[in-house]
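Subject: A structure for you to look at

Hello,

Here is the structure I promised to pass on to you. Please open it and keep it beside you while you read the notes.

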Amino acid sequence: MATTQISGLGNLVVNAYDTYVRAALRSLPVMRSVADLRPVSMTNPGTTLKFAVYDNLTAATTALTETSDVTPVALGNPTQVTVTVTEYGNAVEQTEKVNLAAFSDIDTMIGDAIAYNAADTLDKLVATALTGGTVVKYGGTRTSTATLTASDVLSTTMLRKAQTTLLEASAQPRIGDLYTLFIHPRQAFDLRAETGSGGFVDIHKYTTENVGNLLTGTIGVLEGFQVVQTTRVPSGADGASSATVYKAVAVGKEALLEANVYDVQTVVAPQIDILRRKSALGWKYFGGWGIFRDAAVVRLETGASAL
């Protein structure tokens, strides 16, 4: 007696595929959100933009004399902040044949990939600009990046020092009375491992009228900081014996300036081949970032514990 089975009907039984194609794991762009300063009145687009900041007058604490006039004082020469604007962009091209032959919707994948690529690229450029400030605190007792080791971890004491530095510089908080702190997950691991009073406060236990304005990725509040955990914090083998150094950044209001000739634009390329069998989708951006108030940015360079 013969039985119909898979081995006998190989031409009818084929592999099955899910036609929905999923994206790779992604890190959420969050750092561009702190670029809260924009040009107000530019003379022309240019490629190098300059912004002026004038100093405050010295406090006039001497009492006036009734019969004498005051001696006028002059404004100081404004300082300048320079931002270079540059073009950025990317595109994906496809053929008509692959679009018709594929088992899934390639147009949808390209659109999603292009949108994320734009946000991802700009956020990484922001991270580079934001960690370029001159005010730096180092983990442990270290005084330079090159001397940091894995044991020089991020601590509550470092956050306390960073907050004090920002307050002494008159840097304004970003959300209510909170500054923003971007830390790497490795740094967050060490910070949350600390014990004792005055430690980490989980965001679900923290209440404020501004809680709805907290950034995506906020994990808690500590020492006057809204703590945002993200892998977008830069890191590299820059420490002692090539130890990995993580560069958290504490940010106040108007720390970062974004100047753009135009914001992100989606571009559908014209089909210029003879048979119109090729199409492309891309994005472009013309702008740049720079630290506007150096005193409103403190970089916290540390090592991290092994997991």
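Below are my notes, going from the whole chain down to single residues.

This is a predicted model, in which local features need pLDDT of at least 70 and side-chain atom pairs count only at pLDDT 80 or more, while totals for chains, interfaces and linings use all residues. Residues are numbered from 1 along each chain as its sequence is written, and side-chain values use heavy atoms, with hydrogens and water left out.

**The whole protein**

The protein has 4 helices and 13 strands (DSSP runs numbered from the N terminus: H or I of at least four residues for helices, E of at least two for strands). Its radius of gyration is 27 Å, well over the 19 Å that the globule rule gives for 307 residues, so the protein is more spread out than a compact globule. That radius is taken over C-alpha atoms, and the rule is 2.2 Å times the number of residues to the power 0.38. Along the principal axes, the C-alpha atoms fill a box of roughly 120 × 55 × 45 Å.

Of the 307 residues, 35% are buried (buried is under 20% relative accessible area, exposed over 50%, partly exposed in between, with a 1.4 Å probe and protein chains only). Among contacts (heavy atoms within 4.5 Å) with a separation of 6 or more, 79% join residues 24 or more positions apart.

**Helix 4**

In helix 4 (residues 185-192), the buried residues are Gln 187, Ala 188, Asp 190 and Leu 191. These residues cover an arc of only 165° around the axis, which puts them on the same side of helix 4; the arc is that of the directions from the helix axis to the C-beta atoms. They pack against helix 3 (156-168) and several strands, including strand 5, strand 8 and strand 13 (297-302).

**Rings**

There are 4 aromatic pairs in the structure (rings of Phe, Tyr and Trp, the last by its six-membered ring, with centres within 6.5 Å; planes under 30 degrees apart are stacked, over 60 edge-to-face, the rest tilted). In one of them, Tyr 179 and Phe 225 have ring centres 6.0 Å apart and planes at 45°, so the pair is tilted. Tyr 179 belongs to strand 5 (residues 179-183) and Phe 225 to strand 8 (residues 225-229), so the pair ties together parts 46 residues apart in sequence. Tyr 179 is buried at 1% relative accessibility, and Phe 225 is buried at 0%.

Elsewhere, Arg 26 lies over the face of Tyr 116, 4.4 Å from the ring centre (the test is NZ of Lys or CZ of Arg within 6 Å of the ring centre and within 35 degrees of the ring normal).

**Residues in loops**

Arg 232 sits in the loop between strand 8 and strand 9 (235-236) and is buried, at 9% relative accessibility.

Gly 139, in the loop between strand 4 (136-138) and helix 3, is buried at 0% relative accessibility. Its contacts outside four places in sequence include Leu 148, Met 158 and Glu 301.

Ser 170 is not a glycine, yet has a positive phi of about 65°. Its place is the loop between helix 3 and strand 5, where Ser 170 is exposed at 53% relative accessible area. Glu 223 also has a positive phi, near 50°; this residue lies in the loop between strand 7 and strand 8 and is partly exposed, at 21%.

Best wishes
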